[in-house]
Amino acid sequence: MTKTISEINQKIKQGKAVVVTAAEIIEIAKQEGIKKAAEMVDVVTTGTFGPMCSSGAYFNIGHTKPRMKLGGGRSYLNDVPAYAAFAAVDLFIGANALPDDDPRNHNHPGDFNYGGGHVIEELVAGHDVRLIASAYGTDCYPRKKLETWINIKDLNEAVLFNMRNAYQNYNVAVNTSDKTIYTYMGVLKPRLGSAGYSSAGQLSPLMKDPCYKTIGVGTRIFLGGGVGYVAWPGTQFNPGVPRSENGTPRGGAATLCVIGDLKQMSPRYLVGTSMQGYGVSLAVGIGVPIPILNEDILRYTAITDAEIFAPVIDYSSSYPNREPDILGEVSYAELRSGKIKVQGKSIPTAALSSYPRALEIANTLKDWIGKGEFLLSEPVAALPGPESGVTFKPLNERPAGEY
Amino acid sequence: MSEKEKSTKKMVTKKVVLHFPKRRVDEPILFRLIKDYDLEFNILKASITPEAEGLMVVELKGEQASYDLGVQYLLNCGVKIQALSQDVTRNEDRCTSCGACVTVCPAGAFSSEPGTMVVRFNSKKCVACGLCIKACPPRAMELHF
């Protein structure tokens with residue numbers, strides 16, 4: 001049995017496509033078998049929602065009178081520095097940006113109450129945001145100072161552009177030291193007192209297409225509550241890691257670089273987050289539709305939490321020192337049960353990514369496709385596969401003290 | 001029970017954090033609170049050591065009038081009264097049900113519902129320690145005084 005994306009799109013337009021979520025397909029495959037399920041189902045919708053630090057947004061704010069060139073000067077949105085290194089009125093704000101006067105970790109652990117992720121959330125929510133900018137002035141752009149409220153509805157373009165999202169699998173973080181540590185994987189209690197993890201597991205887009213047979217550059221997706229696209233492989237793309245027989249990687253592997261019009265997104269799926277002792281971030285909601293082109297693809301979508309494994313890593317020593325040691329491997333079924341066993345010790349688990357909201361995203365995308373509002377796109381280029389030889393290299397430091 | 005009935009009976013149940021000054025640790029303050037002010041109390045957490053400031057999280061129950069007099073008595077004794085635990089609330093609009101709070105809470109007030117993974121907050125178990133406030137990434141937990 002094989003189908004094409006255009007055949008599936010025909011069915012979607014006619015309202016005849018059978019669309020199910022990544023959770024539902026597990027039951028269907030169990031009851032009907034892979035062959036029959038692949039014939040029955042046209043699209044499986046996935047979802048994930050969690051802090052994704054390498055996210056940001058760019059804007060064109062419109063020209064001032066007299067004209068001003070923000071590029072090369074300094075710009076702040078609600079006191080959070082924006083990257084002003086383009087032409088006159090284009091700005092980029094990164095999710096992890098902090099106000100210059102934020103105390104950071106001077107009084108450890110810092111609070112990190114407000115930053116770039118929160119600015120993006122406020123813009124999407126339709127709140128006014130204060131722009132303060134200074135520039136050096138030129139003959140054609142004489143103005144040097146600007147203080148104004150801006151609102152997303154008045155911006156020429158507002159585009160979410162995230163260079164690394166939707167990590168295909170991730171570490172489980174623990175702490176073997178004697179004191180509490182504050183990490184991007186949450187607050188970790190001492191002496192293996194708690195474990196943090198962050199993946200939607202069996203709902204996660206790249207876990208359900210683990211060898212990138214359908215997801216590629218140009219894939220239309222659910223992004224932040226609106227429609228977006230896969231723009232490129234995400235940074236740190238690392239497809240060559242060890243994998244289980246079912247194709248899922250046994251640690252962080254592929255990532256997605258995504259893009260979409262911020263104006264049609266929602267603050268429910270773009271949430272500014274504060275990671276105590278670490279920094280600010282942006283929780284991003286992403287959902288990818290997987291066309292069931294053949295039985296192999298269906299088999300991948302039916303993978304369960306019990307069949308996906310993540311490495312347990314000590315964030316008090318191995319992780320910060322970039323050492324390869326792992327303390328063991330656990331499945332997402334174990335992680336979601338609330339307790340994992342590591343080195344004979346039972347450790348309570350806490351998630352950083354929201355399973356309920358990931359499911360909500362998969363259901364929303366299912367709904368859009370079911371109503372014929374969202375058509376699948378044919379990827380214009382494939383993502384580098386497990387055999388591509390693409391690797392994720394560490395920095396090879398070459399001391400730059402002497403020239 | 002309706003709001004009207006509540007106000008006529010005037011029974012109150014409140015969770016409070018009591019800070020005992022050093023010099024008062026060895027005095028029977030809580031005994032007087034029961035005997036003279038007719039307040040029931042339930043100790044949720046206590047850390048009382050001689051020669052050091054004592055800390056106790058208690059649930060006080062009694063008539064409003066007795067409660068007010070009891071609180072006045074505690075203040076007169078030099079006991080500081082702080083942060084009522086039922087005033088740790090969750091802003092449901094901000095909570096994303098991620099679960100970062102689950103292992104942070106020493107009292108087990110948060111739990112992930114098996115299957116759905118929806119995170120529940122049981123305010124009855126809350127001891128108002130405040131650890132969840134800053135450990136919550138979207139800052140959904142709020143402390144009201």
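How much area is buried between chain B and chain A, and what share of that area do carbon and sulfur atoms give? In this predicted model, local features need pLDDT of at least 70 and side-chain atom pairs count only at pLDDT 80 or more, while totals for chains, interfaces and linings use all residues. Residues are numbered from 1 along each chain as its sequence is written, chains are lettered from A in the order in which they are written, and side-chain values use heavy atoms, with hydrogens and water left out.

**The interface**

- The buried area, meaning the accessible area (1.4 Å probe) that two parts lose on being put together, summed over both, is about 1,700 Å² between chain B and chain A, and carbon and sulfur atoms give 55% of it.
- Counting heavy atoms within 4.5 Å as a contact, 20 residues of chain B are in contact with 26 residues of chain A.

**Charged pairs across the interface**

- Two salt bridges are counted between chain B and chain A, each being a side-chain nitrogen of Lys or Arg within 4 Å of a carboxyl oxygen of Asp or Glu.
- Asp111(A) forms a salt bridge with Lys134(B), and their closest N and O atoms are 3.3 Å apart.

**Strand 18 of chain A**

- Strands here are DSSP runs (E, at least two residues), numbered from the N terminus, and two of them pair if DSSP finds at least two bridges between them.
- Strand 18 (residues 256-261) of chain A runs antiparallel to strand 10 (residues 157-165) of chain A, joined by five bridges, and Asn165(A) has Leu256(A) as its bridge partner in strand 18.
- Strand 17 (residues 226-233) of chain A also pairs with strand 18 in the antiparallel sense, over five bridges, and Trp232(A) stands opposite Cys257(A) of strand 18.

Note on methods. Helix = DSSP H or I, 4+ residues; strand = E, 2+ residues; numbered from the N terminus.
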